[in-house]
Amino acid sequence: MKLGKAKPNRRLLAVCLSMLLGFSLGTTGLTGGQANAAANANDEAVHSVTDAAVPQAAVGTTYYVSADGNDANDGRSEDHAWASLEKVNSMKFAPGDRVLFKAGDAWNGSLKLRGISGTKEAPIVFSSYGDIERFGRPVINGNGTTTTEISRIILNYKGVADKTMSATIDVVDGSYLEFSNFELTNYNPNVVSQRAGINIRTASTTVTEWEANPHKGIVIKNNYIHDVDGNPKGWKIGSGGILILGNISDVLVEGNIVKRVDIEGIRNAGLYKEGDVKANFPRVFENIIFRNNYVEEVQGDGFVMSNVGTNGRMEYNTVVKHSAKNVGNVNYAGLWVIGVKDMVMQFNEVYGGIYGYNDGQAFDVDMFCEGTLYQYNYSHSNRGGFILFMDGSTNSVARYNISVNDGDGRYLLHYLPTREAYAPLIHNNTFFTDANISTKIFNTSGKYAKLYNNIFGSI
């Protein structure tokens, strides 16, 4: 099957069909927490904007960076621009400052920012100046970034030998920061390290440190990130396109393109100790929005969101060819959640998942989730099937979705709930398969399941 970028008319058809099913069949049958989650999702559908997404007028200084500049300049005009990343890294910026890179120019290295923060009213902005339509985005080539700096968040993962992380845009302990209009790479087949295009993280290890070190107000939008070859045997969360790791709320990741990255596409991650199945993630993050991003050809997961307790959503995203490399017994999926409450995933398209070991589904409600809602999504041609439901999560709902040719040789629903309390409500979905697709509805029998008004058919 030829895998290409989704055609707009196909996606529009899927959304229209899904909405038609929703309006015609209704929402009867929801009870308790499921009804509340669905109602809240609808009530908030027009309000999915974070505080960080609408910054007020900045009052700081604007600095310019150009390949033709000079670090001896003051940087405060285009004619007196700075030249290097090292100059930018040496500065201590203040709320309201803007650092603008010239369109079409290129730099080699890493933008490393440590302990700088704006405010809600005056974020610090890193972006472009000049005509990016004509000259292209400013380019930063990481060329295989590496470091000896320990990333303390990895200390909880005893099985990970490499305790470092680096990135082309590399931020530790910053709040109210915006990054937009960059083209970023981080590729070097001769350097093995855990690295990313953009990595925003907090320096905390223990629960006490983690809770005492909150950060807010991260905006990442309209960037093109490609060709990032992280360590394929490292921490699965340690390499990728856009990574937000630690106690960070009020996040907007919007309008980005991520292609050919290892390991993750776009994700956040909070506090969790590897292998501790009773950890029950602290669901403390607020206002985490991943919207209208495009992810293509990733070794692992397309999108992941965790630790969100209030107003978390992934919507209008596209994932193409997730789980793209066979790396043995490591589980990956297209767009999924773990340790979240009342999360909404809607109007996403996920297709072409190839491997993923036991997983490989388009979607997943993983452990420690409550009130998760998948609605109006379109999946097709994912080897692992349409969705995975883990045991222990409660009040999950999957409704008004369309699945086409998922689960070839496997199943549509990877279903692990062991009790009625953990059984999701699956209703008003449409499942189509070609006559040559061999699949089944469930991976196993003898489980308690709640399904109604779903359509299963061949095309």
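**Note on a predicted model**

1. The side chains of Ser 379 and Asp 406 make a polar contact at 2.5 Å. This comes from a predicted model. Ser 379 sits in strand 27, which covers residues 378-380. Ser 379 has 0% relative accessibility, so it counts as buried; the cut-off for buried is under 20%.

2. What else is in contact with Ser 379, leaving aside its neighbours within four places in sequence? The list holds Val 350, Ala 362, Phe 363, Phe 386, Ile 402, Ser 403, Val 404 and, again, Asp 406.

3. Asn 181 is another residue to look at. Find it in the loop between strand 8 (177-180) and strand 9 (183-186). Is Asn 181 buried or exposed? Its relative accessible area is 18%, so Asn 181 is buried. The limit is 20%.

4. The side chain of Asn 181 makes a polar contact with the side chain of Ser 128, at 3.5 Å. Setting aside neighbours within four places in sequence, Asn 181 also has contacts with Ser 127, Ile 132, Arg 137, Pro 138, Lys 221, Asn 222 and Asn 223.

5. Now the nonpolar side chains. In soluble globular proteins, such side chains tend to be buried together. Here, the largest nonpolar core has 75 residues. Val 88, Phe 93, Phe 126, Met 314, Val 337 and Tyr 374 touch the most other members. Strand 22 (residues 335-338) gives this core its largest share, 4 residues.

6. Beyond its neighbours within four places in sequence, its contacts include Leu 335, Trp 336 and Val 337. Also among them are Met 345, Phe 363, Asp 364, Val 365 and Ile 387. Val 397, Ala 398, Arg 399 and Asn 401 are in contact with Tyr 374 too.

7. Ile 441, Leu 451 and Phe 456 make a nonpolar patch of about 220 Å². Ile 441 belongs to strand 34 (residues 440-442). With 32% relative accessibility, Ile 441 counts as partly exposed.

8. Last, the whole chain. How many helices and strands does the protein chain have? There are 5 helices and 36 strands. Of the 459 residues, 57% are buried. Among contacts with a separation of 6 or more, 79% join residues 24 or more positions apart. The accessible surface comes to about 17800 Å², and carbon and sulfur atoms account for 50% of it.

Methods
Residues numbered from 1 in each chain as written. Predicted model: local features only at pLDDT ≥ 70, side-chain atom pairs only at ≥ 80, totals over all residues. Heavy atoms only, no water. Core = buried A, V, L, I, M, F, W, Y, C linked by side-chain atoms within 4.5 Å. Buried < 20%, exposed > 50% of the residue type's maximum accessible area, 1.4 Å probe, protein only. Helix = DSSP H or I, 4+ residues; strand = E, 2+ residues; numbered from the N terminus. Contact = heavy atoms within 4.5 Å. Polar contact = N/O pair within 3.5 Å; in protein donor to acceptor, adjacent residues only side chain to side chain. Patch = residues over 30% accessible without salt bridge, like charges linked within 9 Å, V, L, I, M, F, W, Y side chains within 5 Å. Areas by Shrake-Rupley, 256 points an atom, 1.4 Å probe, with all protein chains shown as cover. Salt bridge = Lys/Arg side-chain N within 4 Å of Asp/Glu carboxyl O.
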